[in-house]
Amino acid sequence: STVAHDLKEPLAVMILTANLITKIPDLTGDEMKQYLGQIRSTAYQMNTIISTMLLFAKVSKSEAPVEQVDMAQIVANVLNRLCVMIKEYRAQIDLPACWPAAIGYAPWLEEVWTNYLSNALKHGSQPPQVELGASVQTDGLVRFWIRDHGPGIPVDVHGLGLSIVHRIIEKLNGQVGFESEAGKGSLFFFTLPAETMATKKLFHAK
């Protein structure tokens with residue numbers, strides 16, 4: 001139902017825009033470009049939803065080859081992927097000086113951070129001020145988090161994206177969480193197993 005809703009909304013926009021083009025006989029060239037641009041951007045949005053759906057299916061039936069991950073490099077890759085969006089929103093992104101060692105699967109974690117950061121840019125303060133961080137917990141897990149300073153949003157705004165995040169982290173033996181308070185921004189977090197002496201020996205043995 002989430003996927004159907006996420007696809008139905010942009011499809012309705014495309015149909016409405018196409019109808020306007022056919023019903024208005026004296027559109028100017030600039031107006032035509034504006035309407036066609038709306039259709040194009042909406043098609044890109046639908047393509048993103050479909051790609052996320054395919055990733056969800058892949059994650060659901062796959063087992064990740066977990067290992068120690070370089071979270072600094074993963075986040076750097078995400079910032080590079082979203083560089084145009086970050087520039088467009090004039091966002092300030094604050095990163096920690098270093099990241100705790102954790103066990104996971106880099107390609108999937110890149111998708112997690114991409115989802116979290118893109119939503120923080122869209123729904124945070126304007127211009128966005130976004131903080132990323134991590135801390136080692138006493139239960140053998142590392143908690144990674146992202147905080148915006150926007151108005152605070154309900155979790156269902158994130159729709160399908162949050163579903164794929166939940167499935168990925170669940171597959172990596174972690175948990176996801178969400179905190180939001182009206183007027184005080186939102187915080188999304190996920191946990192991963194911390195690197196232990198046992199895993200260090202395992203990796204060195206490989």
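**Starting at M85**

Set aside the neighbours within four places in sequence, and M85 is in contact (heavy atoms within 4.5 Å) with S118, L121 and K122. You're looking at a predicted model here, in which local features need pLDDT of at least 70, side-chain atom pairs count only at pLDDT 80 or more, and totals for chains, interfaces and linings use all residues. Residues are numbered from 1 along each chain as its sequence is written, and side-chain values use heavy atoms, with hydrogens and water left out.

M85 itself sits in helix α4, which covers residues 83-89. Helices (H or I, at least four residues) and strands (E, at least two) are DSSP runs, numbered from the N terminus. With a relative accessibility of 17%, M85 counts as buried; the cut-offs are under 20% relative accessible area for buried, over 50% for exposed, and partly exposed in between (1.4 Å probe, protein chains only). For a sense of distance, take E179: this residue is 94 places from M85 in sequence, and their C-alpha atoms are 24 Å apart in space.

**The whole protein**

How many helices and strands does the protein have? Its secondary structure comes to seven helices and seven strands. The C-alpha trace spans about 70 × 35 × 30 Å along its principal axes.

Of the 206 residues in the protein, 36% are buried. The accessible surface (Shrake-Rupley method, 1.4 Å probe) is about 12,000 Å², and carbon and sulfur atoms account for 55% of that. Now for who touches whom: take the contacts between residues at least 6 apart in sequence, and 75% of them join residues at least 24 apart.

**Where α3 meets α5**

Two packed helices are described by the angle between their axes and the distance between those axes. Helix α3 (residues 71-81) and helix α5 (residues 106-123) have axes that come within 9 Å and cross at roughly 50°. That angle is why α3 is oblique to α5. Axes here are lines fitted to C-alpha atoms, for helices over the stretch in contact, with angles from 0 to 180 degrees between N-to-C directions. Under 35 degrees is roughly parallel, over 145 roughly antiparallel, 65 to 115 roughly perpendicular, and the rest oblique.

Which residues make the contact? On the α3 side, they are M71, I74, V75, N77, V78, L79 and R81, and on the α5 side A106, L109, E110, E111, W113, T114 and L117. Sorted by type, the residues of this contact are nine nonpolar, two polar and three charged. In that sorting, Ala, Val, Leu, Ile, Met, Phe, Trp, Tyr, Cys and Pro are nonpolar, Asp, Glu, Lys and Arg are charged, and the others, Gly among them, are polar.

T42 belongs to helix α2, residues 29-61. Is T42 buried or exposed? T42 is buried, at a relative accessible area of 3%. E9 is 33 residues from T42 in sequence, and the two are 9.5 Å apart in space, C-alpha to C-alpha.

A91 counts as buried because its relative accessibility is 19%. Residues up to four places away in sequence aside, A91 touches I86, L121 and P128. Q129 is 38 residues from A91 along the chain, with 6.0 Å separating their C-alpha atoms.

R90 lies in the loop between α4 and β2 as well. R90, however, is exposed, with a relative accessible area of 61%.

Most residues other than glycine have a negative phi, and most peptide bonds are trans. R90 has a positive phi of about 55° although it is not a glycine. N173 also shows a positive phi, near 65°, in a residue other than glycine. You'll find N173 in the loop between α6 (159-171) and β6 (176-180), and N173 is exposed, at 60% relative accessible area.

Then there's the peptide bond from Q126 to P127, which is cis, with omega near -5°. P127 is in the loop between α5 and β4 (129-136).
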